[in-house]
Amino acid sequence: MMNTLRYLSSGIFVISPKLLTSSLPTSVKPSSISALARGETAGRRFYSTIAAVRTDLKVKCFSNMAAPDHKKNVDVKDDRISRISSSIRVIPDFPKPGIMFQDITTLLLDPVAFKDSIDLFIERYKGKDISVVAGVEARGFIFGPPIALAIGAKFVPMRKPNKLPGAVISEEYSLEYGTDIMEMHVGAVQAGERVLVIDDLIATGGTLVAAIKLLERVGASIVECACVIELPDLKGRDRLGDKPLFVLVSST
Amino acid sequence: MSAGENDGCADRIDAIKSTLRVVPDFPKPGILFLDITTLLLDPKAFKDTIDLFVERYKQKNISVVAGIEARGFMFGPAIALAIGAKFVPLRKPKKLPGEVISEKYVLEYGTDCLEMHVGAVEPGERALVVDDLVATGGTLCAAMNLLERAGAVVVECACVIEVPDLKGRERLRLQGKPLYVLVESQFEAGS
């Protein structure tokens, strides 16, 4: 194994692409890895290296690591989730020590996986009479507009203070330490409109709750909150109360 | 060039232009701020905006669409998805996790900084830079520098709006980079 592993000074293992099609070395088990797969293999486009970080996180849907005959029975949707999941990378100690940051920018670098993630949302929300997609700054701005465009809804950015020009309404919400403020334009959403709220990730749910409150204050009806990733241990889903949550990937 | 020069675009451009709103004295007195959020509230105009960019850039072998935080994020990903390119966010400092390269640029007062992930772009890739608006061109130049430092070739910069009086087009031309916009602003921002 060692001739195919290079230990970098940054503390990550780089594994040669051919290992993607065989089982992982026993010293680096799937359940202890959150992996970004890189390299060309079997006609699928991966990146050129794997960064495997030993973490306590287990990312669901690791089926690209499964033995070949298992894949025959995996349906198309599971394949898409699997590819999406494996394209997300974890950055330890960001933005501060002890936090394992789920980075979706590597998903955006895989056009197939990015398109699949948007398609999965579109398939769920098309034809549901949703007229507003509200996206939370800034990573919600990456996923929200393509969904809005495909389902014929308007896109409403939910922003940090002093970014939106003109009249806004504001909602204060709690952070781990201190508070923050979210703003929405006056007049962007009418009473009675059906709204989808989008962000890249749900953790404690505080940000999504602030967005929900802003939208409900103007009389909109929240159909669902949708995220690429959920961190279930942080119980954001409970915090949303009666508002349903849909995610593509759950990371424990 | 701007899109109004093309046949078949004029009606869509007019409709897009009519959705934009000007907010006076934002972010500070004397500035007439061109607000694209009202464009995003018009699904047909928003779709037309993206379609005009997609028509121009598909099948041009562009593999990277780089969008500038945060309003470039509202246009760039939809273009990237339609033309089969990856989307690379260019962000303010300390937002991108992991290893980044940084480019400083000059503001009216002081400097700012734009960052891009190491490894997001490979040498030789053809890139499009997207933002909602070009004024002086300082931010776009910083974006292009980041991409070129990573070895990419910037094919064009694309914005919804240009403020011609602030001479961003000229600044890009001096770096040999073309600029494509849908709408030219009639108002003189900053006066």
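The legends below describe close-up views of a predicted model. Local features need pLDDT of at least 70 and side-chain atom pairs count only at pLDDT 80 or more, whereas totals for chains, interfaces and linings use all residues. Residues are numbered from 1 along each chain as its sequence is written, and chains are lettered from A in the order in which they are written.

**View 1. The contact between chain B and chain A.** The contact (heavy atoms within 4.5 Å) takes 35 residues from chain B and 35 residues from chain A. The two chains bury about 2,800 Å² between them, 71% of it on carbon and sulfur atoms, where buried area is the accessible area (1.4 Å probe) lost on being put together, summed over both parts. In chain B, Leu41(B), Leu81(B) and Pro97(B) lose the most area to chain A, together 21% of what that side buries.

**View 2. Polar pairing across the contact.** Eight residue pairs, both residues at pLDDT 80 or more, are in polar contact between chain B and chain A (N or O atoms within 3.5 Å, one able to donate a hydrogen and the other to accept it). The side of chain B that touches chain A divides into 21 nonpolar, five polar and nine charged residues.

**View 3. The largest cavity.** About 70 Å³ of space lies in the largest cavity, a cavity being a set of points on a 1 Å grid where a 1.4 Å probe fits but cannot get out. Of its 13 lining residues, Ile104(A), Thr105(A), Arg139(A), Arg91(B) and Leu96(B) lie nearest its centre, lining residues having an atom within 4 Å of a point. The lining comprises eight nonpolar, one polar and four charged residues.

Conventions:
Side-chain values use heavy atoms; hydrogens and water are left out. On a 1 Å grid over the protein atoms alone, a cavity is a set of points where a 1.4 Å probe fits but cannot get out, and a pocket is an open set with protein on both sides within 12 Å along at least five of seven lines; lining residues have an atom within 4 Å of a point. Grid points are joined across faces, edges and corners, and a volume is the space filled by probe spheres set on the points. Ala, Val, Leu, Ile, Met, Phe, Trp, Tyr, Cys and Pro count as nonpolar, Asp, Glu, Lys and Arg as charged, and the others, Gly among them, as polar. A polar contact is a pair of N or O atoms within 3.5 Å; within protein, one must be able to donate a hydrogen and the other to accept it, and residues adjacent in sequence count only if both atoms are side-chain atoms.
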